[in-house]
Structure formats: C-alpha cells, structure tokens
Amino acid sequence: MNVKLLTYTPDPERTVACAAKLCYAAADIDTVYQGLTPEKTEAFVKMLGEIGHESPIEHASFTFGVEGVSRSLLAQLTRHRIASFSVQSQRYVKESLFDFVLPPEIANIPQAKEEFLQAMREDAAHYERLTALLQEKHESRLAAQGMGEKEARRKAEKMAIEDARFVLPNACATKLICTMNARELLHFFSHRCCRRAQWEIRALATQMLAQVKAVAPSLFCQAGPPCLRGACPEGKMSCGQTAAVRKEFSRL
C-alpha cells in the first residue's frame with residue numbers, strides 16, 4: 001500500500017478559523033483574516049471541537065493518491081459518499097498479469113497462500129483467454145465493416161477488456177485519487193481507524209491520519225477511533241483494548 005497526501009487547502013487550520021471567526025465575530029470579508037495569529041487560530045479550531053460546530057471544518061480539503069489496495073477496499077471506501085474518487089479504470093486499462101493484495105492471514109498459512117496464488121494465476125489466465133476470444137470476434141466484425149487493421153485491433157481490445165474484467169477478483173490491486181474535506185475525514189477516521197474495521201481499510205485510514213496530522217495538527221488532534229475521546233461505543237462488539245488503541249494512536 002502506498003498512500004500520499006498530494007495536496008490540501010493552503011494553511012487549512014487558518015482557513016477553518018477564518019470561517020469560524022466570521023460566524024462569531026463582527027468581521028467582514030476584507031478583515032476576517034486579520035489578527036488570526038497561530039495562537040488564535042488554534043483557539044478557534046479547539047473551540048469548534050468543544051462546541052460541536054463542525055461546518056467551518058468543511059472549508060479545508062485534502063487530496064490523497066492511493067495505490068496497492070484491493071478492489072475489495074475500494075467497495076468499502078466509496079461508501080463514504082461525501083468525497084470525490086477517481087479510480088484507474090479496468091475498462092480502459094488492460095489488467096494483464098495484474099497485481100493483487102494478499103491478506104496477511106492467508107499469507108501466514110503456507111497451504112492457504114499457495115491456494116490463493118493459484119487462484120490468482122487461474123484468474124489471470126481466464127482473463128487473458130477471454131480477452132483474446134472477445135478481441136478476435138470484435139476485430140473480425142470491425143474489419144468486415146471496413147475499419148483499418150490497426151484501428152480495428154485497438155478498438156477491439158478496448159471492447160474485449162470491458163467484458164473480460166468481470167472475471168477479475170476482489171484482490172485485484174487498484175489505484176485512485178481521493179479528496180475529502182476535514183469534517184468527512186474525521187468521520188472516516190472515527191469508523192475506519194477502529195480495530196473493528198477491516199484490516200486493509202484500517203491501514204489506509206491510519207496512514208491518511210498520520211499525514212494530515214503532520215500538516216493540520218490542531219484539526220486532527222483528537223482524530224481516530226471513538227475510544228480515543230471517551231468510552232467505546234461498540235458495546236459487546238468492542239475489541240476491549242482501549243488502552244492499547246490509545247497508545248497506538250498517541251504515536252502518530
């Protein structure tokens with residue numbers, strides 16, 4: 001997994017403090033940034049967290065590049081709908097000898113690992129055969145319609161992989177760019193940094209949190225699973241390891 005914070009709102013905490021100041025002080029657009037020292041900026045951001053006024057936090061956004069994650073993770077990630085996603089298309093990008101994500105629990109059992117690797121080899125072989133069969137059909141049809149050989153081959157391949165991709169597994173690796181505002185990120189971290197989250201998306205969320213904390217420490221000082229801020233809300237489903245979780249996230 002490779003996660004990189006590509007870009008973000010310049011001076012994100014001051015931008016959030018600016019929005020908060022406009023709500024609570026007699027300021028106008030031309031003067032709203034005046035007097036927002038680092039200390040006052042931090043105080044505004046802290047106040048928003050204390051009183052639960054979260055809309056000003058939406059004015060800061062963060063864009064990540066992510067690669068080496070599975071299509072299974074993608075299905076979970078896109079459930080966070082207040083976000084923007086651009087994903088490398090299996091419809092337009094051929095997946096010959098595709099990369100895949102090997103779950104650690106499978107990797108730790110030699111027989112299970114070999115079974116998994118064999119399944120990946122078989123899926124790759126099915127994908128290649130389906131692509132070849134479909135491409136041959138489409139290429140012949142397009143040539144019969146008078147299309148040039150080179151153009152027919154190019155177009156036929158695109159048509160072929162559009163349907164051949166249906167045989168690809170959830171483990172197939174993908175690449176994406178994702179943008180969330182700070183409020184949605186806090187919600188995302190609350191759910192996906194929890195130990196009850198699936199291991200792959202938890203790893204992604206934890207890396208994302210570490211990177212945004214480096215550029216906006218006040219905004220994300222309490223970000224992470226709910227047990228960092230109080231009692232675990234999971235009831236009987238709790239992992240029961242609050243102390244360990246708090247220690248883990250204190251190092252970020």
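Ground rules. Residues are numbered from 1 along each chain as its sequence is written, and side-chain values use heavy atoms, with hydrogens and water left out. Because this is a predicted model, local features need pLDDT of at least 70, side-chain atom pairs count only at pLDDT 80 or more, and totals for chains, interfaces and linings use all residues.

Sheet first. Four strands form an open sheet in the order β1-β2-β4-β3, with antiparallel pairing. Strands here are DSSP runs of E, at least two residues; helices are runs of H or I, at least four; both are numbered from the N terminus. Two strands pair if DSSP finds at least two bridges between them. Which strands sit at the edges? β1 (2-8) and β3 (84-87), each pairing on one side only. From one strand to the next, the twist averages 20 degrees. Angles run from 0 to 180 degrees between N-to-C directions, on axes fitted to C-alpha atoms, for helices over the stretch in contact.

Now one pair. Six antiparallel bridges join β1 and β2. Asn2 has its bridge partner, Glu67, in β2. Then the helix: α7 packs on the sheet and touches β2 and β4. Contact means heavy atoms within 4.5 Å. The direction of α7 makes about 125 degrees with that of β4.

On to the pockets. A pocket is an open set of points on a 1 Å grid over the protein atoms alone, where a 1.4 Å probe fits, with protein on both sides within 12 Å along at least five of seven lines; lining residues have an atom within 4 Å of a point. Points are joined across faces, edges and corners, and volume is the space filled by probe spheres set on them.

In the largest pocket, 20 residues form the lining; closest to the centre are Gly49, Ile57, Leu186, Leu219 and Gln222. α2 (38-51) and α7 (182-192) each supply at least two lining residues. α2 gives the largest share, six. By class, that lining has eight nonpolar, six polar and six charged residues. Nonpolar means Ala, Val, Leu, Ile, Met, Phe, Trp, Tyr, Cys and Pro; charged means Asp, Glu, Lys and Arg; the others, Gly among them, are polar.

The second largest pocket holds about 210 Å³. Its lining has 15 residues, with Gln88, Glu95, Asp99, Ala173 and Lys175 closest to the centre. β2 (61-70) and β4 (173-181) each supply at least two. The largest share, three residues, comes from β4.
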